[in-house]
There are 2 protein chains.
Amino acid sequence: MSLTPKQLDACVLVWLDEAREQILNAMQIPLQVSEKTNARDLVTNVDRSIEQFYVQKIQHLMPNAHIISEEGYGDHVESMDGDVWFIDPIDGTLNFVEQRAEFATMLALYHDGEPVCAWIMDVIQNEVIHGGPTLGVFENEQRLSKFENRGLAAGLIVVSGARLLSNQMCLPEIAQTALGFRVYGSAGISYMHVLQGRAIGYISKMKPWDYAPGVALAKTLGLSTSNIDGNALNMLISNSVVVSTPSAHEEIMRIEKQTNGV
Amino acid sequence: MSLTPKQLDACVLVWLDEAREQILNAMQIPLQVSEKTNARDLVTNVDRSIEQFYVQKIQHLMPNAHIISEEGYGDHVESMDGDVWFIDPIDGTLNFVEQRAEFATMLALYHDGEPVCAWIMDVIQNEVIHGGPTLGVFENEQRLSKFENRGLAAGLIVVSGARLLSNQMCLPEIAQTALGFRVYGSAGISYMHVLQGRAIGYISKMKPWDYAPGVALAKTLGLSTSNIDGNALNMLISNSVVVSTPSAHEEIMRIEKQTNGV
């Protein structure tokens, strides 16, 4: 059985609604929170149960697909050949725990390294940005319009707060050049700002499940995507990821090259 | 005629609903945007018309009150004696223009320098945090519960992006000590995060209309408020304002003193 992207999109939107219900119900009782690498890198019972939910759904729908996922219920994937899913059950777990808001649940499907379809849901706002190359990009039922190709000085840039503070990826210079910068603490929420045209770009260093959905949707809209050196992303490893308007992308690459004396 | 705080609160909530309607209607047609001091300091036709709307309402309701306001339709106020209103018609004008979201409309009334009542409305979300010392603090109709007195390492701090980048008020050290930091680009939206218990504090350098409403509501909830030196705020001038849990406030003052070698 092979689904069209449209059928697949409709199917996953139902999974997201179910996941959202489960997340909201789980928030009614105390969360079980544990630290992964440190106090800023958390995992909860909800991250785990939602990932398991998605893994089961995917394995039932596409038994031959490979799964790259945050909490370890996926596969050890060493190639982007064939169908590869990315799962981030709760993106922005610190916001989830501290704010009970401003977090996302995200999925993406790539085939032979190219995006097929992706989904980013702001769980509390009940907004989902979804689509892919053959479908276009939608916010709920509404098609997202083409972005304006603005440069850094003409728009807001979203960055990783931790990377900015530790002076990585020229983020202080880039933030200073932009009209303004924002820090939201969730890749999904940050990508939503860019896809909606509210920000001209987002820069952070992230794991594949953090960026695969946002990169898929951004590519579909014609935004530029690369690592901080301007090279294509290796979707199997952590990357310093730049997603922005083409104009801002050029400027970011120029700042990067100047600062590193290339 | 003298209104009780409860009557006043009910009255101003009606103004806010009217202001919100006007703002949403004005967003349907192109904004007239001008720069004040630079490209990051904007004013729109909506800032002006909403301020005039509030000034008229206040002058009708309390003709002897003084008004401190952002766009110049208020008074030249040189004392906090008697009734003093603060108006910020659109707080976060850059977000208003760029994002069409994440901005606030805010008011506060002080009497002889003490808060009487204040209002911060997230216009797009249609959420208003309001109240004062005799009423308590409410988010729409729901009373906000007492915050947990957490320290810096146990919570998120919201800061001014521009002040962080230019290394003011020890913001890099404070942000590094906190569990995480966020930048939202609107004082009103930032204060809402603190009042809701989603962040443990907010630090920025601001004009009186930017901080008077947030400080009034924070004081009512028992949060600590001061300038960055730990002194009481002079409500008639710009201040480096710290609003946080008492524990975080102590730590912020300690970092400030250590860094400045006091």
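Reply: A polar contact is a pair of N or O atoms within 3.5 Å; within protein, one must be able to donate a hydrogen and the other to accept it, and residues adjacent in sequence count only if both atoms are side-chain atoms. This is a predicted model: local features need pLDDT of at least 70, side-chain atom pairs count only at pLDDT 80 or more, and totals for chains, interfaces and linings use all residues. Residues are numbered from 1 along each chain as its sequence is written, chains are lettered from A and ligands numbered from 1 in the order written, and side-chain values use heavy atoms, without hydrogens and water.

Me: How many residue pairs are in polar contact across the interface of chain A and chain B?
Reply: Both residues of a pair must reach pLDDT 80 or more. Across the interface of chain A and chain B, the count is 26.

Me: Which residue of chain B forms a salt bridge with Glu98(A)?
Reply: A salt bridge puts a side-chain nitrogen of Lys or Arg within 4 Å of a carboxyl oxygen of Asp or Glu. Chain A and chain B share four salt bridges. For Glu98(A), the closest N and O atoms are 2.6 Å apart, and the partner is Arg150(B).

Me: Why is one side of β3 and of β9 in chain A left without a neighbour in the sheet?
Reply: Strands (E, at least two residues) are DSSP runs, numbered from the N terminus; two pair if DSSP finds at least two bridges between them. Chain A has an open, mixed sheet ordered β3-β4-β5-β6-β7-β8-β9. β3 (66–69) and β9 (142–143) of chain A stand at its edges, so each has a single partner strand.

Technical notes
Helices (H or I, at least four residues) and strands (E, at least two) are DSSP runs, numbered from the N terminus.
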